[in-house]
Amino acid sequence: MQLPARELRRARIMLAAIVVPLLLGTIAGLVALWPKGESIAGSIPMTASGLSFETARITDVPGTPGAEVVAELLTGDGAGVEVPVSVGEDVLREPIPVGAEILVLFQADQLEAGASFTLVDYKREVPLIWLAVAYVALVALVARWRGLAAVVGLSASLAVIGLFVLPALMEGVSPLLVALVGSSAMMFVSVYLAHGVSIRTTTALLGTFVGLAVTTVLAIASAAGSNLLGTGSEEGYQVMSTFPEISMRALLVCGFVIAGLGALNDVTITQASAVWELHASDPTVPRRRVFLRAMRIGRDHIASTVYTLAFAYVGTALPMLMIASIYDRSPVQLITSSSIAEELVRTLVSSIGLVLAIPVTTAIAAALVRTSRRDERQLGGVVIAAGGGTAVVAAATPSGSAGSAPDPAAGSEASSGDGEREPGAGAPLRRRDLRERRSGTMEE
């Protein structure tokens, strides 16, 4: 989509005036809130003295109580020795594959006594790596370089979580500040890496920031108004006992904000692209009509996101929902219980942010596109419609004069989009029109 130099500069200045302060604020926030001390991550040992985790391979499944599995140790002092392994009831409920690698709790001084070891978990590195490789390959095949850039952006965002968000939270930094700064950093990295630096992408980024702001305000108000404590899950209680100085409600709000980022970016990028493509199809359409047309797409997107987030929650929370529903209580008591209410508020808050981000992004994009004036006039049987730096020339065929020649005053040639002449189409474009066509694009 072409923009004349003046319009391109105007759009860049307007967006930069908003985005640059946001970027500088994000960098300043990262510097100010970055964990200063040594992280306590990994500081608590998983085993007692004399115990260790070792890798073993299942060689037999006799099913003897207390030694349901026989496995060959692959690491540690007893490597190469077959030992009996005790398996939990949850593992026994599913088929146990011979040859699978497992993680066992190993006690060296009990090796000669023949005491059974305990299965801790299956080793899953290899299947997960293959699944990740298949995912990246499929993304590269379908989306090519843009898809690979999105994967890099996702990796960078996860790095922000691991290097900044989690250590800052464990150090006692305000969860709300961590959520805002961390989310902003993830948006800048992921959006620009995945979609490139352009006016279209920056428009989507601004829409995402608006949705993020709405989500944050609603999350704070909803958590306080609903008296959510942030301890509706077993993990919540564990965090409260491990980090007693952290406000669990603020941590809950932090989760609300981060949870909506992915879907927010999805809808804003879609809406920005919809506006540019609609405008490209007809640059003479007024901005208001472009906005209304794009909002038709946005309404379909809103309709889909209404149940997308809800289904995502139900799918991950099925075990908890099953347990919660067996107790004798009314549906209202079930829905308003702490464990379900937290996720219900999370879903509603994220959905409201998504819904409001769509018209905001559409309005920003529609305000930035350039509407060309249509100039139609009749010149001796030739209708000329000029707009967006292009000229469309069509010969009018009067009734009863099929195939009559156009007026010579209109010219015998017209310039095509690349400045070349097309014979028999009409007058050539003026040099100023060609300069405008070549001055810039919305992708710049």
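Is Asn227 buried or exposed?

A: Happy to! Asn227 is exposed, because its relative accessible area is 56%, where exposed means over 50%, buried under 20%, and partly exposed in between (1.4 Å probe, protein chains only). Please keep in mind that this is a predicted model, in which local features need pLDDT of at least 70 and side-chain atom pairs count only at pLDDT 80 or more, while totals for chains, interfaces and linings use all residues. Residues are numbered from 1 along each chain as its sequence is written, and side-chain values use heavy atoms, with hydrogens and water left out.

Asn227 sits in the loop between α5 and α6 (234-242); helices (H or I, at least four residues) and strands (E, at least two) are DSSP runs, numbered from the N terminus. Its backbone deserves a look too: Asn227 is not a glycine, yet its phi is positive, about 55°.

Arg144 also has a positive phi, of about 60°, without being a glycine. Arg144, however, is found in helix α3. Arg144 counts as exposed because its relative accessibility is 61%.

Another loop residue is Thr64, which is found between β1 (51-60) and β2 (69-73). With 42% relative accessibility, Thr64 counts as partly exposed. Its C-alpha atom is 9.9 Å from that of Val85, a residue 21 places away along the chain.

Now to the interior. Thr362, in helix α12 (residues 338-368), has 0% relative accessibility and therefore counts as buried. Beyond its neighbours within four places in sequence, Thr362 is in contact (heavy atoms within 4.5 Å) with Gln271, Val275, Phe291, Ala294 and Met295.

Val275 leads us on to the largest nonpolar core, where Val275 is among the residues with the most contacts, along with Phe164, Val178, Ile199, Leu205 and Trp276. The largest share, 9 residues, comes from α4. Apart from this core lies another one of 16 residues, including Ala71, Val91, Ile96 and Ile102.

Note on methods. Core = buried A, V, L, I, M, F, W, Y, C linked by side-chain atoms within 4.5 Å.
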